[in-house]
Structures are given as C-alpha cells and as structure tokens.
Amino acid sequence: MTETIAAPPRFITYIPLTDLTPAPRNPKRHELELIIASIDMHGLVEIPVVDERTQQTLHGHGRRESLIEMQARGMREPSGVVIDDDGGWLVPVLRGWSSRNDAEAEALAIKLNRLPGEGGWDPRELAEVLEDLATNEAALFDSLAIPHDEIDKLLGQVDPETLPGGGREDEPPLHLPGTPERSDELSADDEGRAPHTTCPACGHLFTSSR
C-alpha cells in the first residue's frame, strides 16, 4: 500500500549534475573506473545525498565524479539520469537531511562510507553467489573486480561440506571462460600471475587479473 505524505522528511529531486557541489573535505578515495563501469552496466542506482544546511554533497562523491567523467567522455547517459533541454545531465539526489554543523556532516559522511562494510560477508553464502555468477554470468562475475587474494581468503573460510555438492568427487571442475583446464596450464601472458583459487566444494576455478 502506498501513502502520499504532504511534506516527506526525505525526498528525491533531480538537479543539474553541475549543481551537485562536493564537500570541501572528503577523505574517501574512489576507484572511478570501477564505478563508471558499474553505472554504465546497471544505471545510477545508489543516488547521492545532499546536506540541506550546506547544499553540498554529503554522500556520493565517487558517483558524482564518475558521472562527470562519463559525460566528458561522451558516454551515453546511464539509466536514472535525465537529459535537460540543453543536453545537460540531471541527476537524482536524496534531500531532506540537515546537519547541525560541519563536524556532524563530516562524521556522518565517514559513517555512510564505512559502516556498510563493517558487517563483513557470510563466507559460505558469498562463495555460493560467486560460484553461480562465475558459472552462469561470467561478465557479471568479472565486473565484481574482486582481487584474487580476497577470493582465496574467502574460500579458505568455507567448509566444503556445507556447500551444495560439497565433497563430491564425481563432478568435473568448473572453469571460467578463457581459463586453462588445469591450474598448472599457463598461457604465455600468465607469467607471474597468482595461481587460480579452487572452490573446495565443486572445484570451480576462480581467478582475477586485478
């Protein structure tokens, strides 16, 4: 059931990308190429947040920079972005929250970036999802850009017996598109790369060049 609130405390509005002002200080670093690739693939899903007191970006500096770069490169506008009459990009932003002072604004900005990752991942469930993606949607798996050492550490926490097919020896190993059939078969340009990580349940070879 949907209800209409006369004056919602939080609301989304579209503003020109050029009017999305960054905060004076933002210690968060960004992998812009990864953000650009994600926005290009999925559209603008997580939208920037604006502080009503300062009228500056509170959260979403990486998305702001990525959108500016995408426009400068002449890339198509991602879904979620609207083109105005002059060809400019209008971006959705979350409005309605106002900081009491600069200290609170900066503290919340750090929390919004830091807290989502603090819970970590459930190794077993993440391994299952990664295996499904690598097996059925290789392009989506590659787009995750998870470094090899992270996958290796993840799978090291997984009990093979808890995974579907765990401990079964009658299933052949699954291979990512373009990877060798055995981990010791390296192509000429594989020199110096870390070895593949094998899922302890199904023998799936996870690899990443990043």
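Leaving aside its neighbours within four places in sequence, which residues is Val91 in contact with? Hello everyone, let's begin there. Val91 is in contact with Thr13, Tyr14, Ile15, Leu17, Leu20, Leu67 and Val81, where contact means heavy atoms within 4.5 Å.

A word on the ground rules. This is a predicted model, in which local features need pLDDT of at least 70 and side-chain atom pairs count only at pLDDT 80 or more, while totals for chains, interfaces and linings use all residues. Residues are numbered from 1 along each chain as its sequence is written, and side-chain values use heavy atoms, with hydrogens and water left out.

Now the overall layout. The protein has six helices and seven strands; these are DSSP runs numbered from the N terminus, with helices being H or I of at least four residues and strands being E of at least two. Of the 210 residues in the protein, 31% are buried. Buried means under 20% relative accessible area, exposed means over 50%, and partly exposed is in between, using a 1.4 Å probe and protein chains only. Among contacts with a separation of 6 or more, 75% are between residues 24 or more positions apart.

Back to Val91, then. Together with Leu67, Val91 touches the most other members of the largest nonpolar core, which has 14 residues. A nonpolar core here is a set of buried Ala, Val, Leu, Ile, Met, Phe, Trp, Tyr and Cys residues joined through side-chain atoms within 4.5 Å. The elements giving two or more residues to this core are α1, α2 and β5 (89-97), and β5 provides the largest share, three residues. Apart from this core lies another one of nine residues, including Leu126, Ala134, Ile151 and Leu155.

Next, please find the two helices, α1 and α2. How do they cross? The axes of α1 (residues 32-42) and α2 come within 9 Å and cross at roughly 75°. Those axes are lines fitted to C-alpha atoms, for helices over the stretch in contact, and the angles run from 0 to 180 degrees between N-to-C directions. The two helices are therefore roughly perpendicular to each other; that label covers 65 to 115 degrees, with under 35 counted as roughly parallel, over 145 as roughly antiparallel and the rest as oblique.

On the α1 side, Leu32, Ile35, Ile36, Ile39 and Asp40 meet Gly62, Arg63, Glu65, Ser66, Leu67, Glu69 and Met70 of α2. The residues of this contact divide into six nonpolar, two polar and four charged. For that tally, Ala, Val, Leu, Ile, Met, Phe, Trp, Tyr, Cys and Pro count as nonpolar, Asp, Glu, Lys and Arg as charged, and the others, Gly among them, as polar.

While we are in α2 (residues 61-72), have a look at His61, which is in this helix. Is His61 buried or exposed? His61 counts as buried, at 7% relative accessibility. Not counting residues up to four places away in sequence, His61 touches Pro22, Ala23, Asn26 and His30.

On to the charges. The structure holds ten salt bridges, each being a side-chain nitrogen of Lys or Arg within 4 Å of a carboxyl oxygen of Asp or Glu. In one of them, the side chains of Asp40 and Arg76 meet at 3.3 Å, N to O. Asp40 lies in helix α1 and Arg76 in the loop between α2 and β4 (82-83), so the pair ties together parts that are 36 residues apart in sequence. Asp40 is partly exposed at 27%, whereas Arg76 counts as exposed at 56% relative accessibility.

Another salt bridge joins Glu52 and Arg95, with the closest N and O atoms 2.8 Å apart. Because Glu52 lies in the loop between β2 (49-51) and β3 (56-59) and Arg95 in strand β5, this pair ties together parts that are 43 residues apart in sequence. Glu52 is partly exposed at 24%, and Arg95 counts as buried at 14%.

Finally, two backbone details. Most residues other than glycine have a negative phi. Gln55, in the loop between β2 and β3, has a positive phi near 60° and is partly exposed at 41%. Ala145, in the loop between α5 (138-143) and α6 (148-155), also has a positive phi, near 55°, and counts as buried at 14%.
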